[in-house]
Each structure stands twice: as structure tokens, then as C-alpha cells.
Amino acid sequence: MQAEKLSGVAVDFDGAPVAFDWRGGHYLAASRPVRWYSRRLWWQEASGAPRGSGAMLVETEMWRLWAASEGSRSLFELRHQMPEDTWEIYPIDS
Amino acid sequence: MTFTHLNVASAYSAHYGVTRPEHLAQAAAAMGYEALAITDRDGLYGAIKHIGACIQVGIYPIVGVNLEVRGESSLGRVTILAHGHNNGRGWGSLCRLISLAHQKKKAEPFLTLGELARELEDRSCTVLLGNESSVANLILDSPKRAGEELRIWREALKLPEVLAIEVVNHLTEPGRVGSEEHASRMLALANETKTPAILSNAVRYLQPDDALTADILDSARHLEPLGLFAPQPNAQAWLKPQAQMARIALEVSSGATGAKRLISATEALAQRCRLDPGSDCGWGKPKTPEQEALGITENPFEVLWKRSHDAVSWRYPYAKAPELAQIQHRLSKELIAINQLGFATYFLTVADVAQMIRDMRIRIAARGSGAGSLVNYLLGISGVDPISEGLLFERFLSTERSTLPDIDIDVESARRHEIYRSIFRRYGGSRVTLLSMQSTYRARGAVRDSGMALGLEDQEIDDIAKNMWRFSARGLRRAMSEKPELEKFAKDAKSDRELNLLVDLTERLDRLPRHISVHPCGVILGNSSLLGLTPTQPSGIGLPMSQFDKDDMDPMGFLKLDVLGVRMQSAMAYTVREISRIQEKELDLDAVPRDDAEVFKQIRTTNTLGIFQIESPGQRELTGKHQPTRFNDLTLQISLFRPGPMKGNMIKPYLDGRHELIKPDYLHPDLRPILEESYGVVVFHEQLMRIMQKLTGCTLARADEMRRMLGKESKVKAVEDYFRRSAAARGYQQQLIEKVWSIIEGFGSFGFCKAHGAAFALPTYQSAWLKTHFPTEFIAGLLTHDPGMYPRRLILAEARRLGVKILPIDVNKSSNEYLVEKCDDDTAVRMSLTEIAGISTPEVERIICEQPFKDIPDFFLRARPSRRTLERLALLGALDDLAGIASLEPEHNRSDLLVYIRQLSAKPAAKLDKNQLSFELGSLQELPSGHQDQSEQEKLNHELRLTGMDISRHQIDSFQQMLDDLGVVRAAELVGLRSNTEVLVAGVRVATQTPPMRSGKRVVFISLDDGSGCADATFFDEAQRRCSHLLFQNRLLLISGKTRRTGVRGVSILAENAWDLRQLWQEWEAKAS
């Protein structure tokens, strides 16, 4: 599944995404977003690993949630890239 | 609501945990935690450090272990937590379980469920089934099988309070182990089966940043590069603060009530597991063997009192009344202090071990400050008389400190393991275990493992690692900018992504424990409860070792004996045995008089090779300048030749005073008795203590405390104030006080403990005594046990210089040691079989077992040497006698013999049937004749090639003609020359040293052996530039320079240039022909 850049992501107090715009639709969270962390293969990309950089090199914040727009409801995976604070979206077929 | 982390792996979970226990405890306290657990993998390696750190930061320590448990199949890894406040029942169970897990002779330690159940019958521990358990692994795919697995546990551990399910949410991908979903299922299973559930974060590092370090450690554990094994899922296994743990509790239990129940269950278990270090682990309480183990029934102090008093007449048989009064006074003072500290049993124990070692007829000597104790001398622990040598008890033990003192003993290195086994037998396996030590990552190891993690080529890693010597991994970046040998690597790392990454990874591994091994000399001796206080595991030498290291001994109150193997003790014991065997003289080396003029005369020649502590080139030079005449001079010389006194520039004023070049300045008549032995120079800690005592009127114990304070910058002022005030109050002049204080202040770290020096001086004197009176036997001892810093061939050269006869290897007479043989009214040393390159231990053993042989075929049949060994034996002349070619005018020669044995060994080995073969051998033609014999030079070359030694004559002799031609001076003649004489010396390079100089420049010291002794040459900058390529490469050198007199018999050469002797020889020969 190809990742797509995501804009207009609104997050709640805990940093969980509650609303976003995708492919022309406005989506709202339809389940409690489950936060998880996936890992990165830092040894293939990093050119240094000084103290303090470890967490960012090792893992990425992910959210799995059902979200609904006017026309559809599906399961999504959202990737939160730090430190850029950008979002990517992966629709999950279900 | 409070929470406690109950599953925490520290860095002592080798190749798994990342953070040192001290840092975890400090961080936990800073985060407001009241308690913290340590649950390392397979052991309590970090537990004592954890408890110590917890006490220091004021939180409650909890200790557990992570172990694999097997039922019919593996039940996975679980955490076993010790309950506290039960007089050590929990701690004891933990220790016994871990020892049990390590006793299986399998690659990985594990427990059987049965073993665990038996130990937990008294409910002293709780088992946590966490994410590494089989239950957790099955629960997502097959909840039913997970339930069955849990039932196995519940049936085995029937009692309540010993089993809990550990819920861990590492926020991994939904549907995986460690995800929220997984944690919820574990909690649900606990609720369904009414098993208690607790929350943890299965911590393996302090902060998320450390997860990257954990990746490298995982790679080192798997022995595979990153990417080739399943890595940790993310960076969530850190020591999270309470708020985050509360949030996780909420997420996994879907509701506040459930979350609250989970956290309070966790806290209830944490409460039960809080340890009381004193009553649970015996923290800080000295543990010594029980009276019955020492064979005494009365009060230990009374026994000690009686034994030491009884020994006075043994140690001081000729003492007169005034001396006896002094001895009694000193003894009473020591005994009172020992009693006050409650160390009587400790002294009796060490004395008992010392006696046991002597009963095994093994040489023993005390080392270190312990020699300052009269009690140690009377009990036979030390062999140096502290009264006549001016050694102070207070330097060793004082009532101002209460830690167990270190009494270190040196024994024959070759018999050290024998002693360990005897200690185990004597005190029982329940009271004794060996000490372990943790080796930690330094730069070289760290760069290797980091390189492997990144998947770099072995060759590339080797190239980088080989330039990394002796610095910490953390300092790598700095070293790269400073050290010339890392220059290329530093440049490469600037442009290469992986190399730059490698540097960061290497620095991350700094000082993390890598692996545990047995300490080179430590034995722990305790009471019968020892195995309930420390877990043990097998060591490389077949005896159990504790999982604790030397830093854990004091907190645990364990008595640690340092039994260090010293090769010189082996060499001396061997010498004494050979004297007894050959001369039938029983020699008590410890009883020989310590004022033998012959011995000091021999030392003063500076031919100190083989003499303990004073054989190095530097000590040899100092011997020439110093010219010792009595035992105390040896103590002084050994003490002066140390980094401290050398840096403090103490040697020159001492020597000048000694040789009456200056008038010693004793500052004040009161100080003269203290400083007389060293001509006004303060050399020893003991002198400083006595000066303090004299001038301030304080006790010696107090004086030693102040001496220690001088080493800490923050405390110097307090000492100064006290010193000035008290000395002035006692009426000393201000000028004197100023002067003495400046000496005291400058003394700092420069001085040396006289007891150390005197303890070392004893084997120095004893080895010199043996060398003087029994040179043949002593040379045999040196060659057999190789105690020194020089190659064996130099010992042979020294033997020749001393006129000690050396006999070649002979298959009928040589053994695996250098035996002394009687030979024409004299004695000689027989070369050993073990020196032959490539000879195997079984070959040596067969030769020794089957001796004597009647002829070559007999030898070939019974000793069964390999073809190569047989040929080498022949080339070295070891078969000459057997073949009948050793006589004065033999009909055959060694070349004939070689032809013969080649025929012999050419027979296919498959036919090795003894009867048949002897028939075939019988049909072999007799020794042929007429082959060109080997020249002496060829024989010498074979010796050098096959044994590394010039046995038949000195290597340099081959060049003698040319050396005479060039007017080369012999090393022994140098001492007769004036200073500044131009000379040429030649010889075999036997030592090369490059100590750093105060100026920062390097100086190269070269010692050449030419058979008459050693010539020492110094190369400064310019001379180094001329010939540096030769100094480290070539073995045979010719050196030109000027003599430099440094003392009465001290002479060295200020080198100007050096040449390759072989090359000169070739040119000289070409010219001559």
C-alpha cells in the first residue's frame, strides 16, 4: 500500500488524530485511535546516532483508527513523522 | 496511587540491558518512585550495586531474576521476585534457584518447573508470567492453548501468592505481542482464571534514546548483523514515569476500576518484595567461617591472643628483655584494635589458610600493607618482621575504618588451582566460592561489536580495531582527533556514513558489562549460609564462582582472600626442590639470614637477571647507582622505582645523600630518627605518618586518616589547619612548620607504602640468595617457570655467564621441566623437551613415560613421535646419545642419523603393529655413514629455529671475528671505562622500552645482550631519526655511542647510531674474501 501525505490533521489532548482531510473528503475518527510504535531500520539510513537521537531513529508513532466521511467508513493507519510533525496515511483494506 | 516497576533489566543482563543499576535507581528516585526492582537475566550480577544505589538515593530495593523455566517443553522466560522482610528466605530461594539453573551442564541456564515448585513451597517468591512466557506467546493465536499453559503453572505452584500474570503494553503493532490488544487479552485471562495480574513495562533501558544501544546489544547477543534477526519492536521498554504507566493501565483495562485494581495489585506485590538489606541479605555484616570450621572451640579472640603470644618465641628466639617488652607492647596494641573491630575470626581464618598452604609445601608470602602487622608476622601470614623493618600496623588496619582489611597472599603460580581446591575441601563447598569479575566494553571490543551490528566486513573491522588500544569507548571521537594512528580512520569517517555511525555506536557501548569470568585471584570464604547469600555458577576451572564481583564484597560483608599466583614463587620452590633432590640438602628459604654479604655483592654487580623486582633495565641501572648493602636497601630501591617517587623526583636526593654528595637535611632533630634511613627524603607512607605523629601528637591511626585525606583536594585544608595548629601548640618553630607542611602537601600521591616494598623485598632477597649460592638449580627454576620479563634465551646467556653448564635436549634424560643433573663432580641444567616447536603434550608425556630407550628403533616404537618431531629431535641432537654419535670421535654424524630416521619414519604408519614392525625395523640397514656433518653454525641455526634459543653457544659468538676487528666493547667491560668514551657495542636486543618523557618527547631504551651481560643504550630524538627503522625490528644490533657514568657501577650508553649486525657481517665477509 502506497503512503500518501495527509493534511489538515487535528489531534486531541493526547496527540491522537481525531479528524483529517483525505482525497477530498473530511474524515472524523469513528473509533478510539490506538497508538502504537513501529520500528525503523536506522542502520540503513542514519549517518550518525549521537546521544539523544536514539528514539527517533528507532521508532515512529502510528495510529490505527476507523474513520468516516460522508460517503465511506474504513480502517486507517496514520504515521506521524517526527521531528517534522507531518502525517502519512495508509488505508487498510478490511 | 503509586506504582513500582517490577521488571527491570540492568546493564548486568549482558548483551540485553543498557543502563547501569546506579543510574536506574537515581532516575527512579528522581521520578518520585518509592521502590525499584532489578530483575537481570540469569543472575544477580547487578543486584548488590542496585541495593547499594537504592539505599543511597533512599528508595526500597526489590530484587528478582529472569530465568527460563521448562516443563515438558519450554515455558519461556519468567521473572522470579524475592519477597522481603522474611529474614532472607526470599533472597535465599532466589540464590539457590539461580545456582540450580546454572548447574545444568547446558549452554543456557534454566530451571525445571519441579525445581521451582519445590523451592517456592514456603511462598518466599512470586513468579511473573510476562511477555516472554509461553502463555503470552500463545494467547493471540490460541487463547485455549494459552489457558492450558497457564493451568500447568497453576497446578505446579498450587499455593496462592506465588504466581501472577504480568501485563505489558509496549505499544507494538495491534495484533502483536506487546500491543494493547495483547496486554488486554493477558489481563482478561488473569481475570477469568482468578490469577493475580500486575502491570509492568518490562524495562531494559532508562530512556527511549537507549533503545538504539539495545539494538546493538541484540546484535552482539545474536552474533548477527542488524537486519538478519527479528529486532525489538520499538523503543518503548524504558523506565516510564508513573503517569504514563497509569495511562497504560487505563488503556489495557478499559475502565478506571480495572486500571485501579491492576495498579494496586502491582503495588501490593511491590510492598511484599521490598527487601530489608540488613535482615534479608546480611548487608554489611562480616561473615567468616564458624569456629568449628576453623577447628577452634573457645572464643576466637582468646585463641588469637594465645596463638600470637605463643609465636613470639618462634619469631624472636634471641630477643632480650627490652626488645621483648617492645614486642609485647606492639602486640597488645594490635590485638586490642583487632578485638575492637571484631576481626579476630578473620585473622584466624587467613592464618588457617596460610598454614594449610604451607602444609601443602607450597611457598607463600604476604603482599601489601598486611606485612605491617605483627599479628600477621606471628601467625605466619607474612614473612617480614614489621618491627625491625619499621612497618606500621595503623597503615594496614585502624579503628577509624571498619571495612575488612585486605590481606593478599602470593603463592606459587603453578599450584594456585590446587590451593583453591584445598580451600574448598577444607571449609566445604557450602562456605567457599570463587570471586568473579565483569569485563566491560573498551574501545576495541565496542568497535568490533558495533561493526558487526552494522554488517561491516571482518577485515575492515580488524583494520580499525587493531589501532585501538587502552582507551575507553566513550573517548573514541576525542581519540580520533588526537591519536596519529587513528588519523586515517578519522578522515574516512568524515565521508563514510557507516563509519561515522560506527563511531557513535561504539561510544554508546562504553563500559557496559560484556561477560563474566573468574577473578584471577579472589576466593570468597564465608559461613555455612554463603550459598543462600550469593548465587554461583560454574567457572572455567571447574569450581563454582559467585555472581558477585569484588566491589560487592564489602557491602555483603564477604571475606575475600586474594591468593595470587606468582611465577617467581614457583621458580624458587622448584629451585629448593632441585637442591634437595640433587644435593640432598633440605633448605628452608624463609629461614636463611637476611644479611648475607655475598648476596648483596652479587646484586651490586648489576647482573640482576632473574632476581624478583630488580631485573628490568631501569632497576638494573638503579642498582648500579644505589649499590644496596642490606635488606632495607632493597625495600627502599623497590619503593623508589615507582611512578610516584619517580615523578616526585625523590631518587636523586636520596642517592646523593647515600653517597655523601650532599649532607642530608633532617629538618629537626626530632625527625632525624624517622628520616635517617632515606637520607632526609620522605619516601614512605609510614614516614609521613610518623612525622604527623611527632609534630602534632596525634595517634598513628589518625595520622593515616589524614594521609588518606591528603589525596582528596577538598580535605587538604582541614589537614593543614590541624597540622599547623597542633605543631605550633607543641612549640615547633613557624619556619619548621612551613617547611614540613610543604613536604607533606607535595607528598600527596608520591609516596609508597613501606610494607608493600618490604613484602616485595623478601622474594627479591630470596631469589638473589638462590642465584648466589645455588646458581645451577636457580637457573633450572627460572627456565622451568619463566617468571621474568626476558626471553628464555637470555636466561641461557646468563647461565653461561655464571658458568652454569647447560646440557642439550636428550630423549633419555630430558623431561618436561629443566632438571638439574650431576655431571663430572659438578651439576648442570638439562634442557627440557617442551621447548621444541610443535611437539605435542602427548608426545612429551610418552617420551617421559617410556624412558629409557635402548636405541633409535626402540624410541620410535615406544615414544611414537610424529615424523616432524622425530626429525626435530635429531636436528637438535636429542637423539645423539641414543644413536651413539655423541662420543668424542664418532664413526657417524648427525647427518647420517637424519638419513636413517627419515628412512625409519617413511614406513607407512598404517602398518604400526608392534611385533611386525620390530621385525621390519630389524631389517633396516644400520646407521649409514659418510654424509657431510653439520657445521656448528648450522647446528646453532637449527636451535634458534626450533627452540628460539641459542643452546650450544651464544649467538653473538658467530660474529666475534668481525667484532674484534671493529673493536667492539663487551658489555661487562663498560663499567671499567671513563665517562664519555666513544664505544661500539653489539648483541641481541632483549628489551625495548619507550616511556614517555616529561618533555613529551619519546626516548627509546634498548638493552643488548652479548653474553657477558647487558648493555643499555638510550636513543634520544636525533639518534632515533637515524635508525628508528632498526630499533623495533632487528634482533641483532651494533650500536655506537658514548658511555655515561650514572653511579658507582652504573653505566649506560648515549647512543648515536645503530646498524643491522647481519648486514654488516655480510659486507665484512665479502670484503674479507
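Mentor: Two residues are in contact if their C-beta atoms, placed from the backbone, lie within 7 Å. Now take this predicted model. Residues are numbered from 1 along each chain as written, and chains are lettered from A in the order written. Local features need pLDDT of at least 70, side-chain atom pairs need 80 or more, and totals for chains, interfaces and linings use all residues.

Trainee: What share of contacts in chain B between residues at least 6 apart in sequence join residues at least 24 apart?

Mentor: The share is 71%.

Trainee: Why is chain B called as compact as a globular protein of its length?

Mentor: Start with the rule: 2.2 Å times the number of residues to the power 0.38, with the radius of gyration taken over C-alpha atoms. For 1073 residues the rule gives 31 Å; chain B has 35 Å, which is close, so chain B counts as compact as such a globular protein.

Trainee: What makes a residue of chain B buried, and how many count?

Mentor: A buried residue has 20 or more other C-beta atoms within 10 Å of its own C-beta, placed from the backbone. In chain B, 48% of the 1073 residues count as buried.

Trainee: What is the mean pLDDT of chain B?

Mentor: pLDDT is the predictor's confidence in each residue, from 0 to 100. The mean for chain B is 91, and 97% of its residues reach 70 or more.

Trainee: How many residues of domain 1 of chain B are in contact with domain 3 of chain B?

Mentor: Six residues of domain 1 of chain B are in contact with nine of domain 3 of chain B. The domain bounds come from an automatic or database assignment. The C-alpha centres of these two domains lie 35 Å apart.

Terms used
Buried ≥ 20, exposed ≤ 12 C-beta atoms within 10 Å, placed from the backbone.
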